[in-house]
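Open the model in your viewer and keep the selection panel at hand. This tour goes from one selection to the next and says what is there.

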Amino acid sequence: MTTTLPTTHPRISSIDILRGIIMIIMALDHVREFYSRSAIRPEDLTQASEMLFMTRWITHFCAPVFIFLSGMSMRLYEGNKTKREVSIFLLKRGAWLMFLEITVINFLWNFGYDFILLEVIWVIGWSMICLAGLIWLPRMALLVVVVAIIAFHNLVPDVTPVTTGNMFWASLHNSPFVVKFESIPIMIVAYSLVPWVALMAAGYWMGEWYHYEEGRRNKLLRLTGVALIVIFIVMRLINQYGDPFPWAQQPRGFMFSVLSFINVTKKPPSLFFILLMMGPALFLLSVADHIKGFARKFAMAFGQVPLFFFVVHIFFISVTSWVWVHFTLSEQVNIAFASAKQFPADYTPSLIRTYVVWVLVLIVLYFPCKWYADYKRKNKSWWLSYL
């Protein structure tokens, strides 16, 4: 998500297109949180509607594909550079993203520092720092490490309870947790590290395929994507290992049983989550170049400037949500981070409102993103690589 190819390197349009599609989907989730957050968890199949579930579920593709494509982009960035140069770049970029998460992005979520929320930008930063060391491994050794982590990390139990004394271990592999300190705001760690590092390293490893002839590369991507989907279906039917929560037939009917089958754990990303998200993503990556016309142009506008879009869209959604709540509900509550008890009395969640606002956000932000992408192509300033 946050790593784009330098302007001196030919851009890979299929990567930009897929990244843009993912950015578009990501905005849907953030709009839903700020404009239509519900007391019902979207993953709760005993209460959530099919539409609420799917509105949340489709956005699960965002984080793994962001992180995977960041690793793939780093392999393309490598080019003729030395491993040392790439490692230094990864260390600098990773540190910058972590700083950005703690300062700018945390402020934009709630226009303050009532809490420190460590989410996807934080884990991308740490993953880049880890990748700075992993790229020194022989190619086959790196593949073994990646497969071993993805396949077996579900055997690692959660750290409970999480305290200031064991939070380091919990940050490596754990469900989301909160840590309270005496002198600083509470810290909410939404993304633990280890499985996401493996995904970024997988993208780096697979980036080598972009040195192959296009037909061969796309065939490998398609076959790998289909293989991941088949493995997911077979293992999910066996229902023994791969996710902390087995699927089950639902009393609400066949459709909810299907939703249970695809209801996989994101935090930390289970084996089934990775298989189910990355299988279709790899297949789409193999055919993305066939997307033409305005759809291609629209997706690439966001995919070429992902970090710029990420920061700007959070700012835009936060501000407009504040205005909407203030003038229509006569209260000042950040719905995205409020408990159900804090919702304004006249507030009612609405997926129709979510989708309308989402479309408007994309239309408005298309123009600055397209302008910034054009600006980056025409200018070589060093600071452009950081946004």
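Which residues have the most contacts inside the largest nonpolar core? Select L131, F302 and F309: these are the residues with the most contacts inside that core, which has 114 residues. Keep in mind that this is a predicted model.

Next, select residues 13–35, helix α1. This helix gives the core its largest share, twelve residues.

Now go back to L131 and show what surrounds it. Setting aside neighbours within four places in sequence, L131 is in contact with M74, L90, M200, A201 and Y204.

Then select M98, W122, A170 and V189. They are among the eleven residues of another core, which lies apart from the largest one.

The protein has 14 helices and three strands. Along its principal axes, the C-alpha trace spans about 60 × 50 × 50 Å.

Turn to contacts across the chain. Of the contacts with a separation of 6 or more, 74% are between residues 24 or more positions apart.

Buried residues make up 53% of the 387 residues. Colour by charge to finish: there are 32 positive and 21 negative charges, and their mean positions are 8 Å apart.

Definitions and conventions:
Residues are numbered from 1 along each chain as its sequence is written. This is a predicted model: local features need pLDDT of at least 70, side-chain atom pairs count only at pLDDT 80 or more; totals for chains, interfaces and linings use all residues. Side-chain values use heavy atoms; hydrogens and water are left out. Helices (H or I, at least four residues) and strands (E, at least two) are DSSP runs, numbered from the N terminus. Buried means under 20% relative accessible area, exposed over 50%, partly exposed in between (1.4 Å probe, protein chains only). Contact means heavy atoms within 4.5 Å. Lys and Arg count as positive and Asp and Glu as negative; His and the chain ends are not counted. The place of a charge is taken as NZ of Lys, CZ of Arg, CG of Asp or CD of Glu. A nonpolar core is a set of buried Ala, Val, Leu, Ile, Met, Phe, Trp, Tyr and Cys residues joined through side-chain atoms within 4.5 Å.
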